[in-house]
Amino acid sequence: MTLLEKLYNEPLYDLDAVNPYLSLKFDTVRSAMEVRKRLQLMKDFIVNCPQKSVLMQSIKTKSYLLDTQLFSMSDLVSLEKANLIDFLFDLASLWQKHIFSCEVCKNRGSSCEFCSNGELLYPFKLKSVFECKNCGSLAHLSCYDVSKCPKCLSCLLYTSDAADEEDSV
């Protein structure tokens with residue numbers, strides 16, 4: 001077996017490092033990056049699920065797809081043929097369906113910090129949910145206002161009160 005054959009399935013290529021504009025120029029690269037981001041966020045739910053071993057079975061040989069932005073040469077060939085995109089979308093669909101139906105996973109969703117309408121939000125719903133970069137709380141995109149994040153304001157008030165108490169002691 002030649003060196004190239006050995007390296008064919010090794011995740012060695014960081015496309016952003018090679019060219020940060022690839023995802024802007026090629027829809028397949030952008031789609032692959034987006035769905036991998038969603039899968040990485042879903043993985044946080046899956047690894048804490050009692051059915052983890054069954055769910056992770058479908059990606060066991062390519063588990064690096066969940067942890068890094070690296071691609072193997074075989075991934076890039078599959079990406080060009082759309083096989084990788086199909087695989088990633090199918091996996092994301094399977095995992096999302098599981099998360100919404102599994103009581104353990106479903107209950108790890110969060111409420112919107114702004115409207116608190118009772119709907120469970122999940123960080124992997126990238127097109128409709130925003131995760132506050134300061135405190136990590138979730139909100140509907142339409143509700144979020146960085147200057148009025150209730151959790152950030154609450155934390156700020158708490159730390160301010162704690163500082164006032166220390167000053168008075």
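Predicted model: local features only at pLDDT ≥ 70, side-chain atom pairs only at ≥ 80, totals over all residues.
H6 itself covers residues 73–80, and the ones tucked away are Ser74, Asp75 and Leu79. Look down the axis of H6 and you'll find these buried residues within an arc of 140°, so they line one face of the helix.

Now follow the chain onward. After H6 comes alanine 82, with a positive phi, near 75°. Next, how do H6 and H7 sit against each other? Their axes come within 5 Å and cross at roughly 90°, which means H6 is roughly perpendicular to H7. On the H6 side, Asp75, Ser78 and Leu79 make the contact, and they meet Asn83, Leu84 and Ile85 of H7. Sort the residues of this contact by type and you get three nonpolar, two polar and one charged.

Time to head for the largest nonpolar core, which has 31 residues. Touching the most other members are Leu39, Met42, Ile59, Leu88, Trp95, Ile99 and Phe124. H4, helix H5 (52–57) and H7 each supply at least two residues of this core, with H4 giving the most, nine residues. Take isoleucine 99 as an example: neighbours within four places in sequence aside, Ile99 is in contact with Met42, Phe45, Ile46, Cys105, Lys106, Tyr122 and Phe124. Apart from this core lies another, of nine residues, including Leu121, Leu138, Tyr144 and Cys149.

Key: Residues numbered from 1 in each chain as written. Heavy atoms only, no water. Buried < 20%, exposed > 50% of the residue type's maximum accessible area, 1.4 Å probe, protein only. Helix = DSSP H or I, 4+ residues; strand = E, 2+ residues; numbered from the N terminus. Arc of directions from axis to C-beta. Core = buried A, V, L, I, M, F, W, Y, C linked by side-chain atoms within 4.5 Å. Contact = heavy atoms within 4.5 Å. Axes fitted to C-alpha atoms, helices over the stretch in contact; angles between N-to-C directions. Parallel < 35°, antiparallel > 145°, perpendicular 65-115°, else oblique. Nonpolar A, V, L, I, M, F, W, Y, C, P; charged D, E, K, R; others polar.
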